[in-house]
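This report describes selected local features of one structure. The sequence and the model are shown below.

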Amino acid sequence: MRGDSASLASDPDTKEGNAQPRPGIGQRIRRFLLSIDSMVDTGLWRSWSIIRRSWEAYDGFLRRFRAKGIWRGLSEVTSDGLTYGTIGFVVVLAFAQPAIEATRYADWKTTDDFAVTFLDRFGQEIGRRGIVLNDSVPLEEIPDSLVKATLATEDRRFFMHFGIDFVGTFRAMVENARAGGVVQGGSTLTQQLAKNLFLSNERSLSRKIKEAYLALWLEANLSKQEILKLYLDRAYMGGGVFGVTAAAEFYFNKNVRELTLAESAMLAGLYKAPTKYAPHINLPAARARANEVLTNMVQADLLTEGQVIGARRNPALAVDRSQEQLPEYFLDWALDEVKKLARRKPAMARDRIVTVRTTLDPALQRQADQAVESVLRENAKLRDANSAALVAMVPDGAVVAMVGGRSYGESQFNRAVNALRQPGSSFKPFVYMTAFMNGFSSSSIVPDRPFCLGNWCPRNYTRSYRGAVTLKLALTKSINTIPIRLAQNFGREKIIETAYAMGLTHELENSVSLPIGSSEVTVIDMASSYSVFANGGYKAKGYAILEVTNSDGEVLYQREVDEPEPQRIFPEEKVHEMNDILVNVVEAGTGRRARIDGVVAAGKTGTTNAYRDAWFVGYTGNFTGAVWFGNDDFTSTRRVTGGSLPAMAWQRFMAYAHNGIELVAMPGVEADTLPRLAQPARPLVAAADAAAVQPRVLSRRTQRLLLDIGSDLRELTQSRDQAAVPDDGDTEYAAAQ
C-alpha cells in the first residue's frame, strides 16, 4: 500500500485527485472546425430568417395591391414583359456596341467614299465609281415626284416615326404571313441608311440589331431632311452607280432636276432590287416595277390616279447601253484599291474627288469577256458549268483584264477577287518550287507508287502508277503521289511559306492534302503567283492603279515613283527550271489545249474532287492569265477539267492578246528548242516596252466612223444602181443583179 501511494504521488501528470490530461493537437483542430461549422450554420440560419421575414413583409405589402381576374393576368404579363424586355435590351445593346463605335468618327458621313473617274492605261475614260454627297444637288432641287416616289415605296411613315416603325414592321409581318413569303420589308428608310453608312449586306440577327440602334442614333443626330438627302445620295441604283444624281445621268442622260414622273418612278423602283429592275438590263421589268411605284404613290395619297395616268401610258425610256460593255468588275476592284491606297496617302483622303489612270487595256478586256462568254455559251448546258472568272496581267502584276462573272447585271459578286475555290493540281508548282529550293531538281527521281498517310491514301487521276519518275515528268503528267511524298520530305510549312512569298494572301490549311490543292485561293492571287515565273523570279502582286490626280490636276500618286523596286524571291536558275517544266505541260502534258501558234506558253491545269472547280493558270513572256470554271453553288460540273474549258478560254484570250505585238522571251526557255516552234523567232523587246503596245484593234470611235462611211457608200451604190436599171422586162439584167 505504501509503495502504491508513493507511485501515485510521483506521477507528473497527476494533480490533486481528478486532474485531466491536456488535449492533443488533433483534438484542438477538430474543436476549431466544429466552431467554424457552428458559425456557418448560425449565419445561414440567421440570413434565411432575415430573408424570410423580408419576403413576408414584402408579400404582405403587395397583398394590399393584389389584382383579381383579368387585371391579375395583365399585370403579370406586363411585369414579365418588363423584366425580359430589360434583359433583352441589355443583350442587344451589347451586340450593337461595335456599330455604335463607328459613329465616333468625325467624318462618318464621308468615310471611304470617293468620286472617282477611271481611265484606261491609254488615258481614255472607262467608267466612274463613288458618290458625291450633299454638295451635288440640294434636296430642295430634287424633283418632288422623285421624293414622293421614294417615300411611297420605301417608307410612307418616314416623317412620323423615330427611326424604327413598329406599325410598319407589324404590317409587314402580317402581309408576309398572309403571302407565305417576304413581300414587304419592315425596315425604315433610316434603317436602310444606317446599313448603307455603317454596315454590310450580311443577313443576320446581329446586323438587324446594329441597324436598329444606328437608326435611333441617326434620328437623334440628324434632321429628317438630312436623313432623306443622305439616303438619296447613298442608295445603290444598279449599273455600278450610287445615288439618284448619278442614276439620272446613267439611265436617262439627264440632270436629276429634269426628271419626269415616269422616270422618277423608275428610279424609285430600283431601291428594292437594283440589278433585277435596272432598265438597261431588263426594261420590261423596270417598267412593271415603275408602275407598282405609281400605284404606291396613289395608295399613299401623295398623287391621284389622274395625275399618274400619263406616266402609266408613257413609261420612261432608258438610254440604250447594251453596246457599252464597261469593265464593271474591274472598276469595283479598282475602287477598293483606291480606298486602300488612301490609307497610305493622306492627301487622297483629304481630296476625295480624284481621277485614276488604271492598268486596264480595253481591247484585252473585251476579248476576255468574249472568250469566257463564248466558251460558256458553247458548253455550259452540255458540261453543267455556269460560272467563270479570268484575270490577265503583265508579268509585273499590272492587271489588263478581269472577268468576275458571266453577268454583272445578274450578280456583282467578283469571282476573280473574292471567291475562294480549291485550285487542285494548279497548286503543285508551289510544291515543286519549294522542292527546288530544298535540294531537288527537275531530274530528281521520286517513286510513284501507292502509299497511305494514316487513313488517307492519295491516288492518281488515272488510277495507275508509273514507278520511279523524274520531277519534270511528274509535274508534266500531274501525278498526285509525288508532291505528297515531297511534302513529307521537307515539310508542308515550307510549302506554305513559298506560296505566301509568291503571292497567295488567304490562309492555307496545313493538311495532308495541301500539296494537291485542297486549300482555297482566289483567281487574282493565282495569276500574281504565276507571274513570278513569267518575270524571272520577282514578286508581282496584282495592281490596278498607275496614277492618281486630284480635282485640281495635282498628281497625288505615281506607281513608278511611289512604289519600291520589285523584290526577288527566287534565284533565276530555279525559275528557269520551273519554266522548262511548265512549258512542257503545255507542249506535251495536260495543258495542250492552251497552245498558241508561234508563242512559247507555260502553265498548269487544276481539277478538284467531284469536278467542282477547273483551272488553267498559264503565262508567256508578255502576259499571265488565270482562268476558273465551275458553279457558284459548288455543285459538280459534268467532268470539266482544267485542260478543257479553262484552257480553251485561256487560249482564245492569249491568242488575241499576242496578235500584232512583239514577243518577250520566256525566262530560261528558247523558242527554237521546241519542235512546234522550231522556226525563226520574231524580234523581241523588253517587257516594259511590250506592255505599252496595244493590240491592233479599232477604237469605238473609229469603228463608228467606218460604219458610217460604209453606210454612205451603200446608199451611193444603191442610188447609182437604181439610176442604171432598165425596163422591168430586161430579165437578163435582173438575173445578173
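## Surroundings of Ile164

Beyond its neighbours within four places in sequence, Ile164 is in contact with Thr188, Gln191, Ala212 and Leu216, where contact means heavy atoms within 4.5 Å. The model is predicted: local features need pLDDT of at least 70, side-chain atom pairs count only at pLDDT 80 or more, and totals for chains, interfaces and linings use all residues. Residues are numbered from 1 along each chain as its sequence is written, and side-chain values use heavy atoms, with hydrogens and water left out.

Ile164 lies in the loop between helix H4 (144-154) and helix H5 (166-179); helices (H or I, at least four residues) and strands (E, at least two) are DSSP runs, numbered from the N terminus. Ile164 counts as buried because its relative accessibility is 16%; buried means under 20% relative accessible area, exposed over 50%, and partly exposed in between (1.4 Å probe, protein chains only). From C-alpha to C-alpha, Ile164 and Ser187 are 7.5 Å apart, with a sequence separation of 23 residues.

Strands E4 (residues 387-393) and E5 run antiparallel and are joined by four bridges; two strands pair if DSSP finds at least two bridges between them. Met393 stands opposite Val399 in E5. Five residues lie between the strands of this hairpin, and Gly397 takes a positive phi near 110°. Strand E5 (residues 399-403) is mostly covered, with five of its five residues buried.

## Model confidence

The mean pLDDT (the predictor's confidence in each residue, from 0 to 100) of the protein is 83, and 81% of its residues reach 70 or more. Confidence is highest in strand E12 (residues 624-630), at a mean of 98, and lowest in helix H26 (residues 731-736), at 29.
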